[in-house]
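Notebook open, structure about to go up on the screen.

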Amino acid sequence: MVTDGFKPKTQKSRYDGLKSYIDILNGANTGYLATIKRIEELYDRMTADYPKYEDRVEFDRLCNNMPPEVWLQ
């Protein structure tokens, strides 16, 4: 049997690979959730009686820098 140095992945290594990938995705989603929460806070401030210009600038910056797929989720 010729293997050319290729070793098939074991069930454990597949699980470890999937788990690390899921952990990365969870970390990214946590960051997005924190940013969305901040956007909601800024929106509430901007709709108040006396909104601050700085809040509007930060709101626009956060909204413009979010990837499009986040808005679809």
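First the exposure scale: I call a residue buried under 20% relative accessible area, exposed over 50%, and partly exposed in between (1.4 Å probe, protein chains only). At 38% relative accessibility, Leu 25 therefore goes down as partly exposed.

A note on what I'm looking at. This is a predicted model, so local features need pLDDT of at least 70 and side-chain atom pairs count only at pLDDT 80 or more, while totals for chains, interfaces and linings use all residues. Residues are numbered from 1 along each chain as its sequence is written, and side-chain values use heavy atoms, with hydrogens and water left out.

**Overall.** I looked up the secondary structure and got three helices and zero strands; helices (H or I, at least four residues) and strands (E, at least two) are DSSP runs, numbered from the N terminus. The order from the N terminus is α-α-α. Of the 73 residues, 12% count as buried. The protein exposes about 6,600 Å², and carbon and sulfur atoms supply 58% of that (Shrake-Rupley areas, 1.4 Å probe; for residues, only the protein chains shown count as cover).

**Core.** Which residues make up the largest nonpolar core? I find seven: Ile 39, Leu 42, Met 46, Phe 59, Leu 62, Met 66 and Val 70. Such a core is a set of buried Ala, Val, Leu, Ile, Met, Phe, Trp, Tyr and Cys residues joined through side-chain atoms within 4.5 Å. The elements giving two or more residues to this core are α1 (11–46) and α2 (53–65), and α1 gives the most, with three.

I then checked Met 66. Leaving aside neighbours within four places in sequence, Met 66 is in contact (heavy atoms within 4.5 Å) with Tyr 32, Thr 35, Ile 36, Ile 39 and Trp 71.

**Rings.** Rings of Phe, Tyr and Trp (its six-membered ring) pair if their centres lie within 6.5 Å; planes under 30 degrees apart are stacked, over 60 edge-to-face, the rest tilted. I count one aromatic pair. The centres of the Tyr 43 and Phe 59 rings are 6.4 Å apart and their planes at 40 degrees, so I log the pair as tilted. Tyr 43 is in helix α1 and Phe 59 in helix α2, so the pair ties together parts 16 residues apart in sequence. Tyr 43 is partly exposed at 47%, whereas Phe 59 is buried at 14%.
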